[in-house]
Amino acid sequence: MKLYVKNMVCDRCRWVVKTEIEKLGFNANVIDLGEVELEANIDAKQKNQIKIALENFGFELIDDKKSKIIEKIKTLIIDLVHQKNNELSTNLSEYLSNQLSQDYSSLSNLFSEVEDVTIEKYFISQKIEKVKELLVYDELTLSEIAFQLNYSSVAYLSNQFKKTTGFSPSHYKQLKDKKRKQIEDL
């Protein structure tokens, strides 16, 4: 039996979901981002037990078809940006269409209707969050970050960053330094 889980976006999420399902005595064949395939079918009472256990960690079981598609789109984008370092060999619309075996325009319309934001804007917001994360780590130059996230240039990354956050990447790095205090200053 397959369950769809909202807000499951990383390996740590997989581990938490796996642990909680096993605590309840169920076995899972596959635990992937947003999906759990149980070894056996479960009844409504058992499904509710899983639902309650997962809600304690901010996860949600999804039942309707639209929500499943939306969550799958989000999961694919999050995985692409945060886990696969944005290794996109085609454009985003083609990637999503291929992964979900559906026409991109219908996916785009559904996503915009339900989420009140376009897929492209959602993708950009995920990329900007990844840029923020990498800026905070301070291990890569802006050029390296732009290359890693498949930006055509540093200027394009900087413009998109400023348009989204209101700050230039260098100003954002300065803000980070001002927000943090050294241990001896506490």
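Modeller: Buried means under 20% relative accessible area, exposed means over 50%, and partly exposed is in between (1.4 Å probe, protein chains only). This is a predicted model, where local features need pLDDT of at least 70, side-chain atom pairs count only at pLDDT 80 or more, and totals for chains, interfaces and linings use all residues. Residues are numbered from 1 along each chain as its sequence is written, and side-chain values use heavy atoms, with hydrogens and water left out.

Biologist: Is cysteine 13 buried or exposed?
Modeller: Cysteine 13 is buried, with a relative accessible area of 12%.

Biologist: How many disulfides are there?
Modeller: The structure holds zero disulfides, a disulfide being a pair of cysteine sulfur atoms within 2.5 Å. Cysteine 10 is in none, and its nearest cysteine sulfur is that of cysteine 13, 3.3 Å away.

Biologist: Which residues of α1 are buried?
Modeller: Cys13, Val16, Val17, Glu20 and Ile21 are the buried ones. Seen down the axis of α1, they fall within an arc of 125°, so they line one face of the helix. That arc is taken from the directions from the helix axis to the C-beta atoms.

Biologist: Why would spaced-out residues end up on one face?
Modeller: An α-helix has 3.6 residues a turn, so residues three or four places apart point the same way.

Biologist: What do the buried residues of α1 pack against?
Modeller: They pack against β3 (35-38) and α2 (44-55). On the other side of α1, Arg12, Trp15 and Lys23 are exposed.

Biologist: How many residues does α1 have, and what follows the helix?
Modeller: α1 covers residues 11-23, which is 13 residues, and spans 18 Å from its first C-alpha to its last, close to the 18 Å expected. The expected span is 1.5 Å times one less than the number of residues. Glycine 25 follows α1, with a positive phi near 90°.

Biologist: New topic. How many aromatic pairs are there?
Modeller: The structure holds three. Rings of Phe, Tyr and Trp (its six-membered ring) pair if their centres lie within 6.5 Å; planes under 30 degrees apart are stacked, over 60 edge-to-face, and the rest tilted. In one of the pairs, the rings of phenylalanine 111 and tyrosine 122 have centres 5.6 Å apart and planes at 65°, so the pair is edge-to-face. Phenylalanine 111 lies in α5 (residues 104-115) and tyrosine 122 in α6 (residues 119-137), so the pair ties together parts that are 11 residues apart in sequence. Phenylalanine 111 is buried at 0% relative accessible area, and tyrosine 122 is buried at 13%.

Biologist: And tyrosine 151 with tyrosine 156, what sort of pair is that?
Modeller: Their ring centres are 5.8 Å apart and their planes at 55°, so the pair is tilted. Tyrosine 151 is buried, at 7%, whereas tyrosine 156 is partly exposed, at 43%.

Biologist: What lies over the face of tyrosine 151?
Modeller: Lysine 127, at 4.1 Å from the ring centre. A charge sits over a ring if NZ of Lys or CZ of Arg is within 6 Å of the ring centre and within 35 degrees of the ring normal.

Biologist: Last one: how many helices and strands?
Modeller: Nine helices and four strands. Helices (H or I, at least four residues) and strands (E, at least two) are DSSP runs, numbered from the N terminus.

Key:
Contact means heavy atoms within 4.5 Å.
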